[in-house]
Amino acid sequence: MRIELAVNGIECVGDVEGRTLLSGFLRDGLGLTGTHVGCDTSQCGACVVHVDGVAVKSCTMFALEADGCSVETIEGQAAADGTLNAIQQAFQDHHGLQCGFCTPGMVMSAAALLKENPEPTEAEVRAYLEGNLCRCTGYHNIVRAILAASGQDVSAIAAE
Amino acid sequence: MPKDSGIGASSKRREDVRFLSGTGNYTDDINRPGQAYVHFLRSDVAHGRLGAVDTTAAAAMPGVVRIFTGADFEGVGSIPCGWQVTDRFGEPMQEPTHPVLAQGKVRHVGDPIAAVVAETYEQARDAAEAIEVEIEELPAVVDMKAALADGATKVHEDLTSNLCYDWGFIEDNRDSVDAAIKGAAHVTVLDLVNQRMVANPMEPRVAVGDYDRGTGDHTLYTTSQNPHVIRLLMGAFVLGIPEHKLRVVAPDVGGGFGTKIFHYAEEAFCTFAAKAVNRPVKWTSSRSEAFMSDAHGRDHVTRIELALDADNNFVAIRTDTLANMGAYLSTFAPSVPSYLHGTLMAGNYKTPNIYVNVRAVFTNTVPVDAYRGAGRPEATFQLERVIDKAARELGVDPIALRRQNFVTEFPYATPVAVEYDTGDYNATMDKLEQIADLAGFPERRKASEAKGKLRGLGVNCYIEACGLAPSNLAGQLGARAGLYESATVRVNATGGLVVMTGSHSHGQGHETAFPQVVAEMIGIPEDMIEIVHGDTAKVPMGMGTYGSRSLAVGGSAIVRATEKIINKAKKIAAHLLEAAEADIELKEGAFSVAGTDKSVAWGDVTLAAYVPHNYPLDDIEPGLEETAFYDPANFTYPAGAYGCEVEVDPETGKVTIERFSAADDFGNIVNPMIVSGQVHGGIGQGIGQALLEHCVYDEDGQLLSASYMDYAMPRADDVPFYAVDHSCATPCTHNPLGVKGCGEAGAIGSPPAVVNAVIDALQSGGKDVTHIDMPLSPARVWAALNG
Ligand code: FES
Ligand code: FES
């Protein structure tokens, strides 16, 4: 079945099966392999993208359901010249990633959080990340990075 | 002032840019032209005799390229085990065969029976459902004690029993330890379980096999921590492919934690099938499949006895452990409960008599192998729990009891065969008391109690052995591989360097940290240095990354190769400067003649090496590239003190981690930011083990915790910010960087702190609870409170 959608601002056309997941379409159909798949029970959040501005686990949505939508993925977050956006930069500055596998989902979830709550508390960040698993960082530097990206001073939270 | 580059600087990670932009290159991102996809039909019973596997209907389904069964792998090698343990009677362990696809029997839920190669994943999966398999179900062997009982069903009928080995360490000390315990003033006994864990790197395993008929070259892309080891194990033992015809690539890998060390059947299958169907063959594990096919970790059942004299000095330790091997021997499985566990049983303490007995057992469960820490967390947990219990029984302060028994003089030879080179356990304990504000604990307890909560404090120490290992020693202990590391440093004409390392980065930040070392040695910017890893075609040799060995062993190889580069470059510089080689000094990227202002820049020397117009051609060859193999002289011994404060809700049994502090001695530090991150991640996993995670089988061998719905992974709101410190540094004495390794400490040091804290909380509430097995779920804690 044919779908038309905008991905990172670019109009795309796809031919998908009814059972094709949005995550699969992004990865295999469009070659946007930044969106990761870490589970099959919609628990890990490695696959989070934005659909019409809302954070969605792309493994829980059929590609068909994205027909006519505007989808944002990790590949569309940096500026055209490659400059990282504020959240991406905070993740690098505060060592919010190690293996990088959870990272695209973390960045996309963080962006959604800061959109609805521009200055979250530590507890709010931790609660919001309920659907994003990271096995590497123990979450310490992810939470710091998101607080820092919101403009809050994290220097009092031990870095080293 | 913190440095801004070189050794000791918190250089930002260069690899982050691609990971943050979605342009990493993980194995599942790799697609080969014309590739087909494989789906494995896996056993849904734990133990059964395989009858006919009828693939006729499935083979006729749309898109099916070919279906493979165990019969296709007759004459192909068994998945090998890389470590042979000798039992306490001097006999080799029992070692079963492990076919790529099941032959004759299935032995655990998830054991692959058949593999469908098809045009798409969906078609492969659909066809697999149409395969008809006759299985005569056999009784499942799940419980380790039952597995060892007389007349127990055997997992492997060609072995004499389900006992892999009965290992005693050190066997000659068995009687003297018994005597020391008999004569002791006090003996504390603790029975405990170190539960089965699933490593769960966020990236599931993937394998892509590729074969070129024109050249006869095989390529395997795989999610591995050690591609050269896979090349050797799979090439030499399973498929009979010589190393020069087999390339193994492990590109960006999304976490490993041990479970991506091992050689897996799926890797051999994709390599084999790619040739058989003459197309690339790709397998991507689903998470559900990962739970039943990734090697699991831990799964020990232990009795530990700690004997003390009348002055509370430790006089003897005796342990008796059952260790689950699962259905087959995974690559390093036999070494984990034996040498990686028994050698650490002295901990940070000078106990003169120690004897460790381990019986490794086959069961109808997924194979068990190294998981972050591998044997050392099990040793630490037993020891640090029994010390806490002894302190309570004796009515002494648990920190004081530890301090009293600390090893304080180095080098120290333990009664379990290792020699600690350096350490200062009082210093890390002092540091912990400070960063954890232990003095403020009574006030915080009062505040918790005012809210109706119980508050507990748990402290423990740990020591671990990293930097595996002197090859000759490992060989004596049964390793079937060397444990050196290699590095090649290639200097280009214009002065930039490429460092090819056998270590593999899957989150550790080698691409950033290793250049810091080389930049420091030569005095050039870090961005002139590039790290290449994870490809047997690019890196000459490697033993890979596990056991916190990358910097201590791989980094040392890089130092040695760079030293060779510098030595040769000095010869060239001496020629250019018309000076004696002995007078040449290298500082900040320039060679100068000592005591003069004559100098020549790094780039001029490297250019001369490749444009040797003015060059000592009679003495040395052109070019500037060197290789070094570094084989360590000893293990390294990171150590530290960890502290945890919990609140327990007596109404629900829920445990909340209020504070977690870690004071580690990692020796010298190259990148403090990365080191802290390693500790954070380890603590996260340790808290996960202590409170949440548990891989559970029912008595029929069905895997009950087979997805993230049932296996509780730690999430952001399960953990606090951690206070970590690694300023107490006693540099390692035998490697050139003085480093010890930091990758596993957090996972080793944290579970006992959490459990000690919960027991302390319950005791403060007047409950005489001495132990609860992990995970300390609300149900278990509530039961202990109300039992
Ligand atoms: S892949 Fe979507 S939640 Fe795990
Ligand atoms: S950085 Fe590896 S899973 Fe989060």
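The model is a predicted one, and the values below are computed from it.

### Inside chain A

The domain assignment divides chain A into domain 1, residues 2-75, and domain 2, residues 86-149. The contact between them draws on 17 residues from domain 1 of chain A and 15 residues from domain 2 of chain A. The C-alpha centres of these two domains of chain A are 21 Å apart.

Which kinds of polar pairing are found across this interface of chain A? The rule finds 0 salt bridges between domain 1 of chain A and domain 2 of chain A, whereas 7 residue pairs are counted in polar contact, with both residues at pLDDT 80 or more. On the side of domain 1 of chain A that touches domain 2 of chain A, strand 3 (48-51) and strand 4 (54-57) of chain A each contribute at least two residues. The largest share of that side, 3 residues, is given by strand 3 of chain A. Sorted by class, the residues of this side of domain 1 of chain A are 7 nonpolar, 8 polar and 2 charged.

### Between chain B and chain A

The interface of the two chains involves 57 residues from chain B and 51 residues from chain A. The area buried between chain B and chain A is about 4,500 Å², with carbon and sulfur atoms giving 57% of it. Which residues of chain B lose the most area to chain A? They are Leu20(B), Met202(B) and Phe721(B), which together make up 19% of what the chain B side buries.

One salt bridge joins the side chains of Lys12(B) and Asp93(A), with 2.8 Å from N to O. Across the interface of chain B and chain A there are also 27 residue pairs in polar contact, counted where both residues have pLDDT 80 or more.

Several elements of chain B give two or more residues to the side that touches chain A, namely helix 1 (16-21), helix 3 (121-129), helix 8 (287-293), helix 18 (672-692) and strand 28 (722-725) of chain B. Helix 18 of chain B supplies the largest share of that side, 10 residues. By class, the side of chain B that touches chain A consists of 26 nonpolar, 19 polar and 12 charged residues.

### Inside chain B

The domain assignment gives chain B three parts: domain 1 (27-138 + 202-255 + 260-293), domain 2 (373-467 + 635-785) and domain 3 (484-630). Between domain 2 of chain B and domain 3 of chain B, the C-alpha centres are 40 Å apart. In this contact, 19 residues of domain 2 of chain B meet 18 residues of domain 3 of chain B. The area buried between these two domains of chain B is about 1,200 Å², and carbon and sulfur atoms give 63% of that area. On the domain 2 side, Val670(B), Pro736(B) and Leu737(B) supply 39% of the area buried against domain 3 of chain B, more than any other three residues.

| Interface | Salt bridges | Residue pairs in polar contact |
|---|---|---|
| Domain 2 of chain B and domain 3 of chain B | 0 salt bridges | 6 residue pairs |

The side of domain 2 of chain B that touches domain 3 of chain B has 7 nonpolar, 8 polar and 4 charged residues.

### An annotated region and some local backbone features

An unreviewed UniProt entry carries the annotation "domain: Aldehyde oxidase/xanthine dehydrogenase a/b hammerhead" for residues 21-139 of chain B.

Where in chain B is Ile170(B) found? Ile170(B) is in the loop between strand 7 (163-169) and helix 5 (174-182) of chain B, and the peptide bond from Phe169(B) to Ile170(B) is cis, with omega near -5 degrees. A cis peptide bond also joins Met774(B) to Pro775(B), where omega is about -5 degrees, and Pro775(B) lies in the loop between helix 19 (745-764) and helix 20 (778-786) of chain B. Asn278(B), a residue other than glycine, has a positive phi near 55 degrees, and its place is in the loop between helix 7 (265-277) and strand 12 (281-284) of chain B.

How values were computed: Residues are numbered from 1 along each chain as its sequence is written. Chains are lettered from A and ligands numbered from 1 in the order in which they are written. This is a predicted model: local features need pLDDT of at least 70, side-chain atom pairs count only at pLDDT 80 or more; totals for chains, interfaces and linings use all residues. Side-chain values use heavy atoms; hydrogens and water are left out. Domain bounds come from an automatic or database domain assignment. Contact means heavy atoms within 4.5 Å. A salt bridge is a side-chain nitrogen of Lys or Arg within 4 Å of a carboxyl oxygen of Asp or Glu. A polar contact is a pair of N or O atoms within 3.5 Å; within protein, one must be able to donate a hydrogen and the other to accept it, and residues adjacent in sequence count only if both atoms are side-chain atoms. Helices (H or I, at least four residues) and strands (E, at least two) are DSSP runs, numbered from the N terminus. Ala, Val, Leu, Ile, Met, Phe, Trp, Tyr, Cys and Pro count as nonpolar, Asp, Glu, Lys and Arg as charged, and the others, Gly among them, as polar. Buried area is the accessible area (1.4 Å probe) that two parts lose on being put together, summed over both. UniProt positions are given in the numbering used here, feature names are shortened, and annotations may be inferred rather than shown by experiment.
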